Amino acid sequence: MTLDGTNSYLIAAPGATSIVVVDPGPIDDGHLAALAGAGPVELVLITHHHPDHTAASERFARLTGARVRAVDPAFCVNGEPLQAGEEIRAAGTRIRVIATPGHTADSVCFHLPDDGPNGSVITGDTILGRGTSVIVHPDGALGPYLRSLSTLRALGPATVLPAHGPSLPDLAAICEAYLAHRRERLDQVRRSLVDLGPDATVEQVTDRVYAEADAAVRFAAEASVRAQLAYLQESGHPPGSGGTR
């Protein structure tokens, strides 16, 4: 589920005397020591609350003395909650907080407008280096996720720095591909309900739409179907009604 593991990011301008760390990750003493050893840590930022991003936050805060900031106050350590649209100035850089709910309700991305000619965006699990993100309803929701992809697409061809997998060269293109994939899946869910009937179970729809899914990630496929069914209902296109929006 985490591909190659959880990517932590170090942010600093050339010549800066401190660094910002994004997503210290799970508890791994060697990893945390390497992060702390990269330079004095001024600030820790969290993309969302899942434990593969946050489990080490408190230990890392004790190790470095740095504040930890997240959207959810429960995951902050001696720091204020992040605010949508906020611009953070730290380690000689500008870091813009972009609210991107969908994967989780508290998901944010961090836009680094001065990182290279097109800037870069640390995307957490909103966009991955390989595959597509899981939306676990009800914490995650498809409607907000689609809007978040549109928000990110407007940032243009920025470099994508995901929490899992390799970096990608063009944020706008990736967002467009993600949106197309979601539209295709919604159409598949809708067609399945036409065949199975509007009272079909999540399990039955998953069997149709995610027939190729490995058994190890079956739970994620079912979670995605739940999110899609909720989206169809909430958007005014109840299951089996036909049409997309």
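Predicted model: local features only at pLDDT ≥ 70, side-chain atom pairs only at ≥ 80, totals over all residues.
**Entry 1**

I started with the strands. I found an open sheet of four strands, in the order β1-β2-β3-β4. The pairing is mixed. Which strands stand at the edges? They are β1 (9-11) and β4 (67-69). Each has a single partner strand, so one side of each lacks a neighbour in the sheet. I then looked up the twist, which averages 25° from one strand to the next.

**Entry 2: β2 and β3**

Next I took the pair β2 (residues 19-22) and β3 (residues 41-45). The two strands run parallel, and four bridges join them. I looked up Val20 and found its bridge partner in β3 to be Leu43.

**Entry 3: the helix on the sheet**

I turned to helix α3, residues 57-64. This helix lies across β2, β3 and β4. Against β3, α3 runs at about 170°.

**Entry 4: α5 and α7**

Last, I checked helix α5 (residues 171-196) against helix α7 (residues 218-234). Their axes come within 10 Å. At what angle do the axes cross? I read roughly 80°. Angles of 65 to 115 degrees count as roughly perpendicular, and α5 and α7 are therefore roughly perpendicular to each other.

I listed the residues that meet. From α5 they are Arg182, Arg185, Leu186, Val189, Arg190 and Leu193. From α7 they are Ser224, Gln228, Leu229, Tyr231 and Leu232. By class, I noted six nonpolar, two polar and three charged residues in this contact of α5 with α7.

Note on methods. Residues numbered from 1 in each chain as written. Heavy atoms only, no water. Axes fitted to C-alpha atoms, helices over the stretch in contact; angles between N-to-C directions. Parallel < 35°, antiparallel > 145°, perpendicular 65-115°, else oblique. Contact = heavy atoms within 4.5 Å. Nonpolar A, V, L, I, M, F, W, Y, C, P; charged D, E, K, R; others polar. Pairing = 2+ DSSP bridges.
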